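Me: I'm new to reading protein models and would like a close look at just one part. Could you take me through the salt bridges around one spot, step by step?

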Amino acid sequence: MKKGNTYISSRTVIGIYIFLFVMFILGTFDDYQISCALYNESNPVAVFFAAFGECPAYLGLVAAGTMALTACHRQHTLMGILQCSNSRVRSSDSNGCSSGSNEYSPGSHVRSSDSSGCSSGSNECSSKSAVYPLINFLQCSGGIILLIVGGVLTCGSPGSYLDWPTAASIGVGLLLTAMTVAVTLSLCRGADPAAVRRVALVFSLSILGQLLLVNVLKMLWGRARMRLVVSDPRAYFMPWWQPDTALRSILTAAGVAADEFKSFPSGHTADGTMAMLLAALPCIRPELEPHRKRLFWFGFIIACVTGFTRIIMGAHYLTDVTAGFLCGFTIMMLAFRLLPETKSGSA
């Protein structure tokens, strides 16, 4: 594969796409039958993954925000931007004095010319130096936003599926967020800031990209969840190739929650694939390189178990979880192209 995808070998990528293709074909013919055979909303493992299955994406945002903040240069803050602006003003004043001295010293043409050139160079350097603090300021701002958004989503996720007090859900979310920040800071300690920024970018693009794609497809398809088809006689099974928003309009007007029509594709499964981003960590911590394959396949297993439990919960069909996996995995592979070429074997 091309440079940047060497973190995941072409054989592995092709093998995963073949696996997804087989699963999708199987679901195309037996979606409803498979879901009925596995349906068990009270399964404790399925309930656990319903509550925490989205955490790989949410905590990935926390990690990305932490990495972005870690790679920021402390001296390149907003004050640095203002200082650069002041230096440009002083440089302009210096140019004015230089031109004024030329009027009163006609014989010093060479010296004034040199001074003007130096002043011009100073302006160029000043304009360049003003760009880096601005970029750094935007990076820090983005890091803070990612950290806050990821933390808030993590705190709210368990309470949506578990009968927990709000305080308990928030407490667990804060604990997971704090642990992610601590581990990320430890990994980034002493690492190359450029590598940290690149991995943070890969994390951000992968997670935000799949969140956007999956939610747009959910709105366009309007596929009824399996649990609604089983529990409500007004609902009916819809194959994945037939988007149907008419049923959604009718039943939501009758009081059915709009979330019951977000079956295709599976957001939990797409979020679960973000666990495979662990394979990018050796880019900032070279001593993890021997474990890169294990990190990748650990994330793969997390994504598969998450998808399987979503079928058990009656929240999705096999084609839903396969499509969710496909969305997350494909966007992640595209983002991985930003990583530097690895010198050792691929996962």
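Reply: Let's start with R225, which pairs with D259 in a salt bridge whose closest N and O atoms are 3.5 Å apart. R225 sits in the loop between α7 (193–221) and α8 (226–231), while D259 sits in the loop between α9 (246–253) and α10 (267–273), so this pair ties together parts that are 34 residues apart in sequence.

A quick word on what you're looking at: this is a predicted model, where local features need pLDDT of at least 70, side-chain atom pairs count only at pLDDT 80 or more, and totals for chains, interfaces and linings use all residues. Residues are numbered from 1 along each chain as its sequence is written, and side-chain values use heavy atoms, with hydrogens and water left out.

Now the terms. A salt bridge here is a side-chain nitrogen of Lys or Arg within 4 Å of a carboxyl oxygen of Asp or Glu. By that rule, the count is 8 salt bridges. The helices are DSSP runs (H or I, at least four residues), as are strands (E, at least two), and they're numbered from the N terminus. Buried means under 20% relative accessible area, exposed means over 50%, and partly exposed is in between (1.4 Å probe, protein chains only).

With that in hand, back to our pair. R225 has 5% relative accessibility, so it counts as buried. D259, at 38% relative accessibility, counts as partly exposed. D259 has another partner too: its side chain meets that of R227 in a salt bridge, at 3.9 Å from N to O. Here D259 is in the loop between α9 and α10 and R227 is in helix α8, so the two tie together parts that are 32 residues apart in sequence.

What about R227: buried or exposed? With 18% relative accessibility, R227 counts as buried. R227 also meets the side chain of E260 in a salt bridge, this one at 3.1 Å, N to O. E260 lies in the loop between α9 and α10 and R227 in helix α8, so that link joins parts that are 33 residues apart in sequence. E260 is buried, with a relative accessible area of 16%.
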